[in-house]
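The reader may wish to keep the three-dimensional view open throughout.

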2 protein chains.
Amino acid sequence: MLMCVGCNNTSCLIKNCNPDWIEKISLQKNTPVYPKGQYIFFEGSLVMGAYFIKKGHVKIVSSNLQGKEQTVRLAKAGHMIGHTAFGLEKYSIGAVTLSDSEICFVDNNTLQQAFLENPKFTIEVMRFYSRELRKSEIRTKCLALMNNEEKVILGLLYIADTFSEEETNEVEIHLNRQEIAQIIGTNSEQVSRVISILKKDQLLETKERTIILKDIKHLKSTISHYSFANEY
Amino acid sequence: MLMCVGCNNTSCLIKNCNPDWIEKISLQKNTPVYPKGQYIFFEGSLVMGAYFIKKGHVKIVSSNLQGKEQTVRLAKAGHMIGHTAFGLEKYSIGAVTLSDSEICFVDNNTLQQAFLENPKFTIEVMRFYSRELRKSEIRTKCLALMNNEEKVILGLLYIADTFSEEETNEVEIHLNRQEIAQIIGTNSEQVSRVISILKKDQLLETKERTIILKDIKHLKSTISHYSFANEY
DNA sequence: CGTGCTTTTGAATAGTATCAAGGCCGGTGG
DNA sequence: CCACCGGCCTTGATACTATTCAAAAGCACG
């Protein structure tokens, strides 16, 4: 049994509950270990509760019936995925791990009670959703107005932001071309082309199949006219 | 002074506060009347509080520095716009009325206190943001995967959903081609072309400059393979 | 009844997606 | 250890879609 007290994930939203509730949630939740590439929940399945990422990286995906898949959000430790539903409701999105992950699941009933009795917790969850909504809306704008090259740069920066722990000017990316393409709504060939151009411009290197961004600041500056602040 | 008690907007989130807080907010808020086409707040301005739409329709917009504007969300009575910020923070988006509107403004301090003391209110605001996030993510998918014709249909349905009060199979739309184009990330010519096609197919009529959707159900069915549920 | 804006439509252009082929590993099995 | 196989990546050619440019028609307003 993994207790929340002593959990090293300082950004976990559950930490905003008061001590007895943190213990209550500790006892109720479970925290499976997901290997890379595993589904956490599927599009169309029933919502039983919410997931709090303790460790690892996750993509939120949505498909059409022809099987084309779009990645609509990336999430990392401290993020909440799934959502809180009253009664029966189905996920309109799915979630897949991008790296080995540990993810805490809390069921709807416990969550509802926790919300009612822990205002600070509820407020922080609300603010989390509010922030994510803003980010999603800025992404909508970018995907609507940008050309392919700009979109690829946006995607790489978004991935870098999600995957790098500390502030740095150099980040490694381990997603393949297809996965990057699905984040920005294009195909793997286009991603490959843009990466080739950026390689010529010395903005990144590729070693085997990992991409190494060499100059995050410069990359950011190339698309900075689309939004102020570092929100993807 | 417009008091919340007796306000006919049943879907207002503030109604979830307890009676004394509803009165407190009533006394503090103010409710300007905005004519059509008016800015409620600008991209880049300071966040002083949140706005609750009492009456009317609003578009949330975001621009790049070249002046191209994208509409990222539509909002109607009962929706909350702007967001709750701690300390100094700037809007990354702007809001413009699409029809004559009445919009209640509540400042940050009052809101913070209300959140702390009205769990039900906070929960409903959280759930509102959660729902909007899901809708935004489904929109991301649609805009990424759809072709132009499908996007126009999506846009028309989204507008119809926002503007029509009751469930009906026929809705009038009073936005111009340019405004529709900005919702789906294209230009007015494309919108015009698709509308011509849909007119030939008897799915809509145009009278002067208003668009009348004649068969919402049929329009929905043409893009139904992109998502289940009626979420835009 | 002009004047100016929006809409519509066509044609030219640019950009993106698709198709196809070859190269580059990494893994497997001889 | 090496050869082969399969998957991913890269690049080019082609087809297609969407954007841009332009012109004419429609409508709204003074």
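A polar contact is here a pair of N or O atoms within 3.5 Å. The model to which this criterion is applied is a predicted one. A polar side-chain atom of B:Arg193 lies 2.9 Å from a base oxygen of DNA strand D. In chain A, the side chain of A:Arg193 likewise places an N or O atom 3.1 Å from a base oxygen of DNA strand D.

DNA strand D is surrounded by 18 residues, the closest of which are A:Arg177, A:Ser196, B:Asn148, B:Thr186 and B:Gln190. Of the atoms of DNA strand D that come within 4 Å of the protein, 62% belong to sugar and phosphate. Which classes of residue form the surface near DNA strand D? That surface comprises ten charged and eight polar residues, and no nonpolar ones. Helix α6 (188-200) of chain A and helix α6 (188-200) of chain B each supply at least two of its residues. The most is given by α6(A), with five residues.

The second topic is the contact between the protein chains. Chain A contributes 47 residues to the contact, and chain B contributes 47 residues. The size of an interface is often expressed as the accessible area that is lost when the parts come together. For chain B and chain A the buried area is about 4500 Å², with 65% of it on carbon and sulfur atoms. Within chain B, the residues that lose the most area to chain A are B:Met126, B:Arg134 and B:Glu137, which together account for 14% of what that side buries.

Eleven residue pairs in polar contact are found between chain B and chain A, both residues being at pLDDT 80 or more. Four salt bridges are found across the interface as well. One pairs the side chains of A:Arg134 and B:Glu89, with an N to O distance of 2.6 Å.

Which elements of chain B supply at least two residues each to the side that touches chain A? They are β4 (57-63), β5 (69-76), α2 (108-117) and α3 (119-145). The largest share of that side, 21 residues, comes from α3(B). By class, the side of chain B that touches chain A consists of 20 nonpolar, 15 polar and twelve charged residues.

Notes
Residues numbered from 1 in each chain as written. Chains lettered and ligands numbered in written order. Predicted model: local features only at pLDDT ≥ 70, side-chain atom pairs only at ≥ 80, totals over all residues. Heavy atoms only, no water. Near = heavy atom within 4 Å. Polar contact = N/O pair within 3.5 Å; in protein donor to acceptor, adjacent residues only side chain to side chain. Helix = DSSP H or I, 4+ residues; strand = E, 2+ residues; numbered from the N terminus. Nonpolar A, V, L, I, M, F, W, Y, C, P; charged D, E, K, R; others polar. Contact = heavy atoms within 4.5 Å. Buried area = accessible area lost by both parts, 1.4 Å probe.
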